[in-house]
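The structure is shown below.

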Amino acid sequence: MLDGFEILTTSGIVLWRRHYTPISSNLIDSLVRDVFIEEKQKPGGGENGAPSYKKDRYTLRWTSAKDVGLVFVAVYQSLLHLSWIESLLTAVKGLFTKAYGQELKTPHTLKVNTAQWDPTFDALVNRLDTGSTRRQSDTIDSEGPTELTPPSSSAGDDADEPPPVPAPLFRKPAIPTKRDDVVGDSTSTDATPIPTPDTSRPATPGHAASHLLTAKGGPGKASRRSRKAQTFNASAPVSSGDESSAGRNLKGGAKTAAKGKRRWDVDGMAIEGDDDGVLDYSASATPGPENAERELDVADVNTSQMGSRTGKGQFVLKDLDDEVDAILASSSKPQQQSNATDDSTGSGLLASASSRLTSLFRNVVGGKTLTKADLQLPLQQMQTHLLSKNVAPEAATRLCQAVETDLLDQKTANYTSIESTIRDSMTKALTRMLTPTSSLDLLREVTSVTSGQGALARPYVISIVGVNGVGKSTNLSKIAFFLLQNHFRVLVVAGDTFRSGAVEQLRVHVRNLSALSQREGVGKVELFEKGYGKDAATVARDAVAFATNKGTQAPGGSGQMLYDVVLIDTAGRRHNDSRLMSSLTKFGQLANPDKVFMVGEALVGTDSVAQARNFAKEFVDTKGKLRNNGVGMDGFIISKCDTVGDMVGTLVSMVHATGIPVVFLGVGQHYGDLRGLNVGWAVDKLMK
């Protein structure tokens, strides 16, 4: 794990530092004195890696930016092997010089305001440190007990602590009574065990008994294990917390009562004392005064990692990973070129063996007209590479055919191998496929519709569809958070009237989003729901009418719309079930959404082609024609992209099957984990 990181000038002024553990200032002083000033110790490390310096039990690795006069130093224990430190130094150097380089180049600048650098550095460490040495973000400069359960994305700082682990409690066997009824704790004096001195009590918490389950005694011969347990318990000291077990009727007394119904609250805790209450799944979504305090427990979302505001005040999505990947890729190019130079100077058996292994790609140097025979084997290997990236076979075959058509009878450039020629052509084919042919500026379309430019002002309607379990409700909440940051009034519609808990799930999301929006002073969000068992298409139509302020249900009368955006959730369904899929046609005609987004998993594999096609063909208008100029839907949301690494072939498969672009990517479980698609990023992952 990383112990510290410092950014200082070549003159010794510390501009920014982050210490995770107490570190002596002598470490940095010794580095500056021994390496930079007196040059007593030459820097160690690899030829291409960041130089290192060892002092006491620490290793210091650093890099420098000579144009702005900065030195970046990472400190960690010498016993650890942190392979990601070099990438961290490279990324910090690129991002910090980009953010503060112009200010540092100003003459007589001794101090810069680096308050905004903290979240950027934390995001870099969380992204690069993915191994077993990863440090939790709440352990900076603090010591405390290890947290056994991970924090919830919706729980705040004041959330209840998890119950303690139950400790073993020694019990004395209960004395059977001749009475038929069970004797209570407060009415029996014979069954109460004799209190023992405090010195003989076992070191167990007094509340541990509430977490233990004791077996019921019964007639018949006890097992060997039971007899051993009774003998062991009889010789054990008695705790003062054993009164609850006294008076147990081992010979079969009164009949035990039936198990009561249990109810759970939104935080997963059992609600006591309301066993006779009726579960009302269609209660009002408006939080009452009883849970008003609970809204304040929602953790804040760092919007600076999700996006940034433009000069016009719009909040647009960004992806820090794109910038970091570009910096790391640019820093690795000189290393790759030097490795290629070293390989070219090799000779002997090793060099000849390497040339044979790569002969399929490098046997043709520039100036040759490519034939089908020249491209056959290299294209087969390229197709296998695409399949390993989770691209569907149908899409991989089409891409290779496009490359073959592009390169056939073409003359290669001078000093260019078949490998680089095919890679360049495949990169162009992937870029051409993933690049949308129409504008994906959602904010501009929402603003145009809600402001009434060229037509009557009305709410902008977005519908989310997809198969079961892909994350429709979660991604709908992320989009709602994104729209709230742009000060829109959002109405979330519980259109999933089939799955148990679907309405409650959206109710929790709306409660959290409402608390966040009130805290930050951005937008407004509410839930529209009619419980379970209703027709989803009718619920969606009524929600749009309510948001438009039509009819008598609207509290403000007709004329001025109540909400800017309507987000409609739908029930998950199997794409190969024609009975379930047919209801989407009625839903699309009654709700008449402006955008229909399908959520697809990055993990789904080759089945994504059938899913995309079957969902797209269901959205037809009253004349039987596919909406959106014959493609059915408007965009894809690819969820769980943070779980597949560079195997992002699902993007290619779904776009190839329908021609519908990818609009958003889900990269986590928090409200801020939503990104826009960067085509260059996806192509680099596929060609890696």
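## Terms and basis

A residue is called buried when its relative accessible area is under 20%, exposed when that value is over 50%, and partly exposed in between, with a 1.4 Å probe and protein chains only. By this criterion cysteine 641, at 9% relative accessibility, is buried, and cysteine 400 is likewise buried at 6%. A search of the whole structure finds zero disulfides, a disulfide being a pair of cysteine sulfur atoms within 2.5 Å.

The model is predicted: local features need pLDDT of at least 70 and side-chain atom pairs count only at pLDDT 80 or more, whereas totals for chains, interfaces and linings use all residues. Residues are numbered from 1 along each chain as its sequence is written, and side-chain values use heavy atoms, with hydrogens and water left out.

## Overall composition

The protein has 21 helices and 17 strands; helices (H or I, at least four residues) and strands (E, at least two) are DSSP runs, numbered from the N terminus. Of the 688 residues, 40% are buried. Contact means heavy atoms within 4.5 Å. Among contacts with a separation of 6 or more, 72% come from residues 24 or more positions apart.

Five strands form an open sheet in the order 2-1-5-4-3, with antiparallel pairing; two strands pair if DSSP finds at least two bridges between them. Strand 2 (14-19) and strand 3 stand at the edges with a single partner strand each, so one side of each has no neighbour in the sheet. From one strand to the next, the twist averages 20°. Strand 3 and strand 4 (residues 58-65) are antiparallel and joined by four bridges, with lysine 55 opposite tyrosine 58 in strand 4.

Two helices lie across strands of this sheet. Helix 1 lies across strand 1 (2-9), strand 3, strand 4 and strand 5 (70-77), at about 60° to strand 4. Helix 2 (residues 85-104) lies across strand 1, strand 2, strand 4 and strand 5, at about 150° to strand 5. Such angles run from 0 to 180 degrees between N-to-C directions, and the axes are lines fitted to C-alpha atoms, for helices over the stretch in contact.

Proline 51 is in the loop between helix 1 (26-37) and strand 3 (52-55). Its relative accessibility of 24% makes proline 51 partly exposed. The C-alpha atoms of proline 51 and arginine 61 are separated by 5.7 Å, although these residues are 10 apart along the chain.

An open sheet of eight strands has the order 12-11-13-10-14-15-16-17 and mixed pairing. At its edges stand strand 12 (524-528) and strand 17 (674-676), each with a single partner strand, so one side of each is left without a neighbour in the sheet. The average twist is 25° from one strand to the next. Helix 13 (residues 472-485) lies across strands including strand 10 (460-465), strand 11 (489-493) and strand 13 (565-569), and runs at about 170° to strand 13.

Strand 11 has four of its five residues buried. Five bridges join strand 11 to strand 12 in parallel, and four bridges join strand 11 to strand 13, also in parallel. Valine 490 stands opposite valine 525 in strand 12 and opposite valine 565 in strand 13. Strand 11, helix 14 (residues 502-520) and strand 12 form a right-handed β-α-β unit: with the strands pointing away from the viewer, the path from the first strand over the helix to the second runs clockwise.

All five residues of strand 15 (residues 635-639) are buried. In a regular strand, side chains alternate between the two faces of the sheet. Here Gly635, Ile637 and Ser639 point one way, while Phe636 and Ile638 point the other way.

Strand 14 (residues 595-601) runs parallel to strand 15 and is joined to it by five bridges; methionine 598 has phenylalanine 636 as its bridge partner in strand 15. Strand 16 (residues 662-666) is also parallel to strand 15, through three bridges, and isoleucine 638 stands opposite leucine 665 in strand 16. The chain crosses from strand 15 through helix 20 (residues 649-658) to strand 16 in a right-handed β-α-β crossover.

## Annotated span

UniProt, in an unreviewed entry, places the feature "domain: SRP54-type proteins GTP-binding" at residues 661-674. UniProt positions are given in the numbering used here, feature names are shortened, and annotations may be inferred rather than shown by experiment. The end C-alpha atoms of residues 661-674 lie 16 Å apart, and the span is 0% helix and 43% strand.
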